[in-house]
Amino acid sequence: MHIAIWQILLLTLFAAFLAYDFSSQFVLINAGVVCVGFITGLIMGDVKTGLLIGGTMQLMTLGVGGFGGSSVPDYNIGTIIGTAFAIGSGAGLEAALAIGIPVATLAVQLDVIRKMGGSFFIHKAMKAVDNYENKKAYHWITSGVFMSAAAYGIPVFIALAFGQGVVTAFIKWMPIWLISGFKVAGGLLPVVGISILLRYMPFKSYWFFVLAGFFLSAYLNVPILGIAIVGVIIAAISFKQDSSNTKLAAEGVDNDDEI
Amino acid sequence: MMTKSKNEKSVSEKVTKKDVRGVYYRWWLQSQICFNYETMQSGGVVAALGPFIEKIYGKNKELVKQKLKQYFQFFNINPYMGNMVLGSVAALEETEEENVTETANALKTGLMGPLSGIGDSIFYVIPMSVLGAIAAYMAKQGSAIGLGIAVAFTLIMLWVRLKLFDIGYNVGTNFITTKRAMFDKLTKSATILGLIVIGGLLASTVSVKVPFVFTYGAVKTNIQGILDSIMPKLLPLGMTFFAYWIIGKKKMTTVKLVFLIIAIAILGSVTGILGV
């Protein structure tokens, strides 16, 4: 296992920053998990593996994490730890998934800790306002960032610094059936993100658009960016059509240009 | 509610454009910084509006305290749309009318649900799934270009957030009701884009095959060959429908689905039915 102390520290800082970035929807969120895989790969010195792991994990989350209020695995933390250990030990995507997914499900608790910790800070801030100490109140609110940073940074540090022995033993132990099982799982897991997203979106009334995208890829082998271009075209046509329809309907009835 | 025209805007001479912008920046950087179960984003609201309110009502310490305490009320909104609400709340506070904070809080509470619904679709779920899908697909092939596109988009969205704040401040939140039809159309179009990309994603990223060859006497039947002759990517399509069906069941959670899929993969691989 080769994870240097500076790599552990950088990854810890990165996890702490992520906790802030994702909660304020700052810059990384749209391709969240891919980005986490990329940066972890960068720190670990193997961007390609980082991207592969991040891409696979991203496909499990795709926009909507939870369905029906269920808790969402924290794929960011799972990706950091899975990628770091997989690259550090020279194992591949299978090991990253075998480690990263359980870690992601355990890491759900970190969000709970963060939000419970937030209560402490908000009460301190409220009290400061009661005492006419507004500056102090703002400082307490801003200090909430340390809560998130600690809730995410400390577990990552502990896992990377003290987990290497266990993980090395685990990777050595991993029998062939488990490795090939996770190889299959790697190809199959994107259905998780896709099915949750379909449940969230009006799939039942607009299933034919999914079919169109499927056709473009399965039969014509159009790459995903090309499919997105076709998607934009159809979306624009629909937008234009709807606009002219409403214009006809609203003619002379209501003037909504007055804002 | 918020039908002030632009020339009424300079009522308050106590605050400058910079002070108004300050509310935006503080909300951007701190909206969920102190997120908690009791009041959710109230910390972000107080941190964003506090200095602004102090600037307006600074002399009246008791009033400032009272207002800040009111802003500690429960608030939870899509942070993008939150800009619009915070902008209009800032404009309200500038009027210095009596009980204006009650009005502002009523506005905040009333808009939380509807604005979050729009905001989550347009600014969160659909961009994240379309761009996340593109980034993930390209990342699996070893390219970071998709990731770059997603980050570039987010940078553009920073400008959009500022615009939303300005709309809230200058026009008021009834913008959203007068332009409701436009937002609905936008949501629908974005949904169409999302669904098409998902269809492509399904066929291009879910990969599973049946390596199992059925032998009966001298006849060998390649099952994958049969499946392919029916339709390419038939198995990924079937697996997606299976997952779609089962996640709709009661008691099924995201976590359970992940482990169910892993169990199917391991079982399928051990028995030789499923392969890559």
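**Exercise 1.** At what angle do helix H5 (residues 93–106) of chain A and helix H9 (residues 176–188) of chain A pack, and how far apart are their axes?

*Solution.* This is a predicted model, in which local features need pLDDT of at least 70 and side-chain atom pairs count only at pLDDT 80 or more, while totals for chains, interfaces and linings use all residues. Residues are numbered from 1 along each chain as its sequence is written, and chains are lettered from A and ligands numbered from 1 in the order in which they are written.

Step 1: helices (H or I, at least four residues) and strands (E, at least two) are DSSP runs, numbered from the N terminus. Step 2: axes are lines fitted to C-alpha atoms, for helices over the stretch in contact, and angles run from 0 to 180 degrees between N-to-C directions. Step 3: the two helices pack at an angle of about 85°, and their axes are 8 Å apart. H5(A) is therefore roughly perpendicular to H9(A), since angles under 35 degrees count as roughly parallel, over 145 as roughly antiparallel, 65 to 115 as roughly perpendicular and the rest as oblique.

Step 4: the residues of this contact divide into 7 nonpolar, 1 polar and 2 charged, where Ala, Val, Leu, Ile, Met, Phe, Trp, Tyr, Cys and Pro count as nonpolar, Asp, Glu, Lys and Arg as charged, and the others, Gly among them, as polar.

**Exercise 2.** Determine how many residues each chain gives to the contact of chain B with chain A.

*Solution.* Two residues are in contact if their C-beta atoms, placed from the backbone, lie within 7 Å. The contact takes 96 residues from chain B and 101 residues from chain A. On the side of chain B, the largest share, 20 residues, comes from helix H8 (residues 180–205) of chain B, and that side divides into 58 nonpolar, 29 polar and 9 charged residues.

**Exercise 3.** Decide whether B:Tyr137 is buried or exposed.

*Solution.* B:Tyr137 is found in helix H5 (residues 100–140) of chain B. B:Tyr137 counts as buried because it has 27 C-beta neighbours inside 10 Å; a residue is buried if 20 or more other C-beta atoms lie within 10 Å of its own, exposed if 12 or fewer, and partly exposed in between, with C-beta atoms placed from the backbone. Leaving aside neighbours within four places in sequence, B:Tyr137 is in contact with A:Ile224, B:Gly146, B:Leu201, B:Ser204 and B:Thr205.
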